[in-house]
Amino acid sequence: MSRGVLQPSQQKLAEKLTILNDRGVGMLTRIYNIKKVKACGDPKAKPSYLIDKNLESAVKFIVRKFPAVETRNNNQQLAALQKEKSEILKNLALYYFTFVDVMEFKDHVCELLNTIDACQVFFDITVNFDLTKNYLDLVVTYTTLMMLLSRIEERKAIIGLYNYAHEMTHGSSDREYPRLGQMIVDYENPLKRMMEEFVPHGKSLSDALISLQMVYPRRNLSADQWRNAQLLSLISAPSTMLNPAQSDTMPCEYLSLDTMEKWIVFGFILCHGALNSDPAALSLWKLALQSSSCLCLFRDEVFHIHKAAEDLFVNLRGYNKRVNDIRECKESALSHAGSMHRERRKFLRSALKELATVLADQPGLLGPKALFVFMALSFARDEIIWLLRHADNIQKKSTDDFIDKHIAELIFYMEELRAHVRKYGPVMQRYYVQYLSGFDAVVLNELVQNLSVCPEDESIIMSSFVNTMTSLSVKQVEDGEVFDFRGMRLDWFRLQAYTSVSKASLGIADHRELGKMMNTIIFHTKMVDSLVEMLVETSDLSIFWTRIGARAFEKMFQQCLELPSQSRYSISFPLLCTHFMSCTHELCPEERHHIGDRSLSLCNMFLDEMAKQARNLITDICTEQCTLSDQLLPKHCAKTISQAVNKKSKKQTGKKGEPEREKPGVESMRKNRLLVTNLDKLHTALSELCFSINYVPNMVVWEHTFTPREYLTSHLEIRFTKSIVGMTMYNQTTQEIAKPSELLTSVRAYMTVLQSVENYVQIDITRVFNNVLLQQTQHLDSHGEPTITSLYTNWYLETLLRQVSNGHIAYFPAMKAFVNLPTENELTFNAEEYSDISEMRSLSELLGPYGMKFLSESLMWHISSQVAELKKLVVENVEVLTQMRTSFDKPEQMVALFKKLTSVDSVLKRMTIIGVILSFRSLAQEALRDVLSCHIPFLVSSVEDFKDHIPRETDMKVAMNVYELSSAAGLPCEIDPALVVALSSQKSENISPEEEYKIACLLMVFVAVSMPTLASNVMSQYSPAIEGHCNNIHCLAKAINQIAAALFTIHKGSIEDRLKEFLALASSSLLKIGQETDKTTTRNRESVYLLLDMIVQESPFLTMDLLESCFPYVLLRNAYHAVYKQSVSASA
């Protein structure tokens, strides 16, 4: 089985090419990492020895003398390095041995290239695709690696420093240093050196490159040619839609144009002789030079083609024509390449859109038309990378050609096609398993049978191909079996190597049909087991993670968001972040974290920006809707009503030139469809952006899951919170605040808009409402900011109720509202507009039961502080009050004792304040009950029923629990639980419970005996119209009952007995003023008499029979008659 001197099976060309190509990419990654991130790129990651000022002279000396360092004769200059030698060895070892690995890689490549030349391997990309591709890849990888190595500015310093430290530590240079140092020097100008080095390899390389003449020109066509050929269209020929996409050069169809251009440019620079001898080579060379101005070396490292080629060829004899060709191609590239690629991108956008739409509707077509998908992805990827590379590295003649505002759309359709392939992978597997077993195996078997010569090794391999394919069945797909054809593909690679050497018994050059058929079969196997790898090969855009790529990436993203028609494609940017980890290599594990962090930060930033943009659009729509709903507020109809009234009475109203006010709803009347309002534009922009946010439920980036909708939900929660608080329009300086009803209208308008967002995005807006509105019922939100509950509570306590205490506002029971009194200094607000039934109901809607409870607790805190002050006044008069309590039936003694009392007015004023606060609370509770009765009628009625049927003998603790439940539902209780809790906290440690009880009893005595003094106050006159007194003393009724109930519940006394005692004292005291002759003292006697009736009416513990026994009803009747008569005469 002799095959001459060199047996191809023993050379293992396929295995070596596979391993060296993979290792070459790993070495490129390491060298790039050293250049960009560590040694030379990032100053923070740079070894300290390269930037230390104390070592600067020593480093410069080493670089100047490189590669030879005379360590013995230059101790002074290198002395500074002595102390650092162990650290230098430790920290620079990684860099040094990376350079050593590069040298070893170079040795292996050179050895393999020599072997290939010796074997006289036949290369043709259309026949032995894998062999030719791997060979060209290896040449370009090797060239790129040496060029990238020469760009590391600190390479001599790193190698020299390490070797010096090694010599100082071990007494001799590192054994690899002489060769490594020489390599660094030799490859100062890598291309020039490699041009000399590749002279022996010229024949093999030029043959491989010239085989591209069947592929490259066909791939490098203009958009018009693509369009005329209806490239990538599934619907251009409906009758052939189900036919499988076939080609004699299957793997070449989706081969990267960028890769081919690198092969051609670098290949013909290295074997430049072919340009003068072969017209086909020159044609390929010119076409490549006209297409691009620069090439991607590795990631964002670029190579400026024309300048480098001109510099290399200008010094070669007989290359004047080639230099002129380069200059002409440069002009052509600068003038036409930009527009050509722009038109290609434009065509690809529509072609990929059509392809993605058809496949989404008919995913079964992914089987026969899989080739179209990968061609489309490869074409689009090439154009995007071309744009990225040229936009940042070329002085453009026409800037428009290098700024593509629609790039997001192209990326989006790429992602859509990728998603189809991932989603319908089993469909493709099913199709191609049947294809391989039912067609490919049969055809291949026939080809093998018809071979005139088939050596044993080749026969075994091809028989295994047929057997492998024949054994396939659809059941394997249905059972979820994992396919693996990597062995088969490697065998085909080996077979290519065996049959491509000269003097091979079975020469593939003579059996091209076999090569083309096997290339097709290999593509079909990849459709079964390597879909993910195929996606990476044809559509990987991980270049965007690099520093230059990321900068362009962010710029593209901003342009996408700024253009409303493109914002629907903005999700493609975070989706691209899922590509980044595919560019990592196992030979450089340390960059995984760096790339991973970059992918996470970019993805997070993109999703955050998208959510912010959507939030801003929603906020603008909400603002517009709030303005429209504001126009419907009752306050705006006054002018319309007045105009209507005036029209009936007069013909002319107002000025002639005054325009008629537009009525709400005019904005909805359209004269034609072309009229677009601002609201229309906002809704359009929102729907476009929300399409993007809603496109994927989640995405995984470096083992982190991102959920775009959650970003929007989070932003909406924050903005809704700020908007609600902002809409209160609270001004601390002027103490102005929005009316609760107006705020409620605005909040409802805002919520309506937010609910409409559910039409665009699948988010739970109810969760947003629950989170935000529940937080607004608390004192502070989750960020520690004030809520509407705290703002309104502060305003009602500090502004409205304070003005009541100052006598500027009165509580009108008839109106169930607080009303401004006519005073010299007009208030800045109308109290009635903030405290009537509708406003209090609106407040209850906004604050909810929790917020109203907080409001109640704040009110009770103010009451408890007043009660504390009242107790102090009682303590001051304790002896007098004790005597008065037992002497109420001794008129003369009572008069004498009353004169000894101090702070009588203060007691009444504080009790009145308490009454006012309790009256406001009763309004709030009643509003809360009304609101809850609408929302949860059955629950409220159950609570009410529970409260109404508490047996009298029930334990007080149990009863208080029921009262607390009832109070939370807004129901009135005999004993106010909130007041009990507030007053319970006042118990003093120094005073015994008996003493506390006595003070509580005496407080009631104090109030009772002080009531007659109210008759002398001018403002104590009762007004039937408001059913109260202008100085709010009618609120005493509520204060006396509630305070008595709370205090005697706390001290476990009899509320009924204490109130009876109070009634007896008050009646006795008031009856005395009936005997007074001083008109000043008795000016409003009748009005004060009515307080007794109010106290009994308000109390659940006192009855009219009891009052009759203390105070003759005839006096009450006469008092009512007198006050009503007085009000009639006053109004007349």
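1. Three residues of helix α49, namely L1116, A1119 and V1123, are buried. Seen down the axis of α49, the buried residues fall within an arc of 60°, so they line one face of the helix. This is a predicted model, and the points below should be read with that in mind.

2. The other side of α49 is where H1121, K1125, V1128 and S1129 are exposed. The partners of the buried residues of α49 are β7 (1022–1023), α47 (1085–1098) and α48 (1104–1110), against which they pack.

3. As to its dimensions, α49 covers residues 1113–1131, which is 19 residues. From its first C-alpha to its last, α49 reaches 27 Å, close to the 27 Å expected at 1.5 Å a residue.

4. A pair of helices comes next. Helix α32 (residues 708–727) and helix α34 (residues 765–776) have axes that come within 10 Å and cross at roughly 35°. The crossing of α32 past α34 is right-handed. On the α32 side, the contact is made by E710, T713, L716, E717, F720, T721, I724 and V725. On the α34 side, the contributors are I765, R767, V768, F769, N771, V772, L773 and Q776. Sorted by class, the contact of α32 with α34 has nine nonpolar, four polar and three charged residues.

5. Q735 is found in the loop between α32 and α33 (740–757). Although Q735 is not a glycine, its phi is positive, at about 55°. The relative accessible area of Q735 is 23%, so this residue is partly exposed; the cut-off for buried is under 20%.

6. W702 also has a positive phi, of about 50°, and is not a glycine. Its place is the loop between β3 (699–701) and β4 (704–706). W702 counts as buried because its relative accessibility is 19%, and buried means under 20%.

7. A further backbone feature is the peptide bond between F66 and P67, which is cis, with omega about 5°. P67 lies in the loop between α3 (56–65) and α4 (75–82).

8. L928 belongs to helix α40 (residues 904–935). With a relative accessibility of 1%, L928 counts as buried. Its contacts, leaving aside neighbours within four places in sequence, are S844, G848, P849, M852, A968, A969 and G970. L928 and R841 are separated by 87 residues in sequence, while their C-alpha atoms are 6.4 Å apart in space.

9. V25 sits in helix α2 (residues 13–36). Its relative accessibility is 36%, so V25 counts as partly exposed. Not counting residues up to four places away in sequence, V25 touches T141, F298 and H585. V25 and T584 are 559 residues apart in sequence, and the distance between them in space is 9.8 Å, C-alpha to C-alpha.

10. For a reader going through the model, a few places can be opened in turn. In α49, look at the face lined by the buried residues and then at the exposed H1121, K1125, V1128 and S1129 on the other side. For contacts between residues apart in sequence, view L928 with its partners, including M852 and A968, and V25 with its partners, among them F298.

How values were computed:
Residues numbered from 1 in each chain as written. Predicted model: local features only at pLDDT ≥ 70, side-chain atom pairs only at ≥ 80, totals over all residues. Heavy atoms only, no water. Helix = DSSP H or I, 4+ residues; strand = E, 2+ residues; numbered from the N terminus. Buried < 20%, exposed > 50% of the residue type's maximum accessible area, 1.4 Å probe, protein only. Contact = heavy atoms within 4.5 Å. Axes fitted to C-alpha atoms, helices over the stretch in contact; angles between N-to-C directions. Left-handed = near helix turned anticlockwise from the far one by under 90°. Nonpolar A, V, L, I, M, F, W, Y, C, P; charged D, E, K, R; others polar. Expected span 1.5 Å × (residues − 1). Arc of directions from axis to C-beta.
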